[in-house]
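Have the sequence and the 3D view side by side before you read on. Find each part as it is named.

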Amino acid sequence: MKKLLEISLGVVTSVGGFLEVGSMATAAQAGALFGYQLIWAVVLGTICIIFLVEMAGRFAAVSHHTIADGIRERFGFNAFIWPLLAVLLVNFLVLSAEIGGVAVAAELATGISFQWWALPVAFLAWLLLWKGTFGLIEKGVSMLGLVTLCFVVAAVMLRPEWKEVAVGAVPSLPHHDTAKYWFMAVSILGASISPYLFMFYSSGAIEDQWDKSYLGTNRAIAGLGMSFGGTISVGVLIVAALVLGAHGVTEVDDYNQLPLMLIPIFGFWGFVLFVASLAIACFGAALEVALQQAYLVAQGFGWNWGEDLKPRDDPGFSLVYTLTLFLAAVPIALGLDPLKLTIFSMALTAASLPLTVVPFLFLLNDDRYVGKHRNGVISNAAVIFVIALGFVLAVVTIPLQIFGGT
Amino acid sequence: MQLLRDILDKQVVDREQVKIGKVDGLVAELRQGKPPRVIAIELGSIALARRLGAQPGRWTARLAAKLGGKLQARPHRIAWHKVRDIGVDIEFDMDVRRTKIFAWQHWLRDHVVGRIPGA
């Protein structure tokens, strides 16, 4: 019974982490312009992240190391510094985009320009991290994230042709806007396979003191949680395809178009639901990314860390998330377009994948860390696939950004 | 046991299990006619910067001396004979509060973090 509760909480949590401004924006753009054709990218990204999250949890439960600890210890500081810098940069951009997402939701709700909301949003997030515990943040905020299920409800109520949806799950070549198509595929993959997601997950496993008895729980949470998150993304994509596409909106380049999505189904409440979903999903992600930034630095240098400690007991750790949050709010406060920043940071995330995923291949096959719980053939094949995908993405991202970016 | 593989970059804790830092460097003693022997581990920003190269090491040492005084101009060392347990972490029989290792964290606590309400 306790395990069941733990699994359902974990699933809810990972849904909260999965769905954020990146997956919402990329799915909406893809749906509007290409109909169901890019569903395969969501499905592929979800399968990849299931494997990586499962491995991150298994690594933490068996070796009692977070992924960051593992990379530094196994490869040494001089190798660790590259993924460290890459993830710090990518996380910073993603955090900025998430703050932008909440700020846009606040603008939609109040009519006051998003720029004014960036600092208050960062302050609220900081206050929660400063005073809150890990349990409060992990469970409380992600519980609210269930509101995003409204996209799945909406998608079902729109009665899509399920056969066409299934066809979209198989990769196919675009009939128009080829560069844009591939750029969107890359952004969707970047939004799904986020390093902060699996690194945060491994830190969470250590904070919750997982051991080997959690291996089953871990597998269930990784599989179910990420699939749920992927389902919601597909829901967003279907709704965007049927509502935005049908209204002649093929180019989502202004976030003001986005709330239109739910209005035909839920009327005025559709607007409210959209704003609430955007605000909560992005706020939850902002908390996780800011925390992950502090985890990464603290784990990398061996400082005391833990969200349950009082800030005065881990001053270095608390200072990192404090600085990160307020600095990340600055670009938004200066008026940088949150939607453009989101799409850009998702593509950059995809490009940074090799640096963070290659270590999985070594760590998860090293007896000294995972003993007999090392990767099987399927898991290793999945890692190698993600690495290959990561290398392709790293090479194509910049050209596609130039030719297909918004 | 292999020093570089099994010791370097490991998490260091003191006898109260407080996380002090990572094993950023190892100090070995060369002895005439006998194999070299590890006498201490080093940790802190200077030891870490030295691993990136001699130049970054010198810069960091100069910066640390400027910010923290002469006592901070060299990497922190913990004698190897104080090692108590090598597991997930490497535990030393010492109390971090009696060292200068956390000087900067304490400075942060007293001058920045501690002044923010609710800390």
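Predicted model: local features only at pLDDT ≥ 70, side-chain atom pairs only at ≥ 80, totals over all residues.

Begin with helix H8 of chain A, which covers residues 150–157. Which of its residues are buried? They are A:Cys150, A:Phe151, A:Ala154 and A:Ala155. Now look down the axis of H8(A). The buried residues fall within an arc of 140 degrees, so they line one face of the helix. Then follow the chain past the end of the helix. Just after H8(A) comes A:Arg159, with a positive phi of about 50 degrees.

H14(A) also packs against another helix, H4(A). How do the two axes lie? They come within 9 Å of each other and cross at roughly 35 degrees. The crossing of H4(A) past H14(A) is right-handed. H4(A) brings A:Ala68, A:Asp69 and A:Arg72 to this contact. H14(A) answers with A:Tyr295, A:Leu296, A:Gln299 and A:Gly300. By type, the contact residues are 3 nonpolar, 2 polar and 2 charged.

Turn to the strands of chain B. One open sheet has 4 strands, in the order E2-E1-E7-E6, and its pairing is mixed. Which strands form the edges? They are E2(B), residues 19–22, and E6(B), residues 83–86. Each of these pairs on one side only. Neighbouring strands in this sheet are turned by 25 degrees against each other on average, direction ignored. Now pick out E6(B) and its partner E7(B), residues 90–92. They pair in the antiparallel sense, over 3 bridges. To find one such bridge, go from B:Val83 to its partner B:Phe92 in E7(B).

Chain B has another open sheet, built from 3 strands in the order E3-E4-E5. Here the pairing is antiparallel. The edges are E3(B), at 25–31, and E5(B), at 76–79. The twist from one strand to the next averages 40 degrees. How many bridges join E3(B) to E4(B), residues 34–43? There are 6, and the two strands run antiparallel. As an example, B:Glu29 has B:Arg37 in E4(B) as its bridge partner.

Next comes helix H2 of chain B, residues 45–52. Its buried residues are B:Ser45, B:Ile46, B:Ala47, B:Leu48 and B:Ala49. What covers them? The cover includes E3, E4 and helix H3 (54–68) of chain B. It also includes H5 of chain A. Just after H2(B), B:Gly53 takes a positive phi of about 155 degrees.

That brings us to the contact of the two chains. Chain A gives 21 residues and chain B gives 22. Which helices of chain A each supply at least two residues to its side? They are H4 (67–75), H5 (77–110), H6 (118–131) and H15 (315–333). The largest share of this side, 4 residues, comes from H15(A). What types of residue does chain A place here? There are 7 nonpolar, 8 polar and 6 charged residues on the side of chain A that touches chain B.

Finally, look back at two helices of chain A. H4(A) meets H14(A), and H4(A) also supplies residues to the side that touches chain B.

Technical notes
Residues numbered from 1 in each chain as written. Chains lettered and ligands numbered in written order. Buried ≥ 20, exposed ≤ 12 C-beta atoms within 10 Å, placed from the backbone. Arc of directions from axis to C-beta. Contact = placed C-beta atoms within 7 Å. Nonpolar A, V, L, I, M, F, W, Y, C, P; charged D, E, K, R; others polar. Pairing = 2+ DSSP bridges. Axes fitted to C-alpha atoms, helices over the stretch in contact; angles between N-to-C directions. Left-handed = near helix turned anticlockwise from the far one by under 90°.
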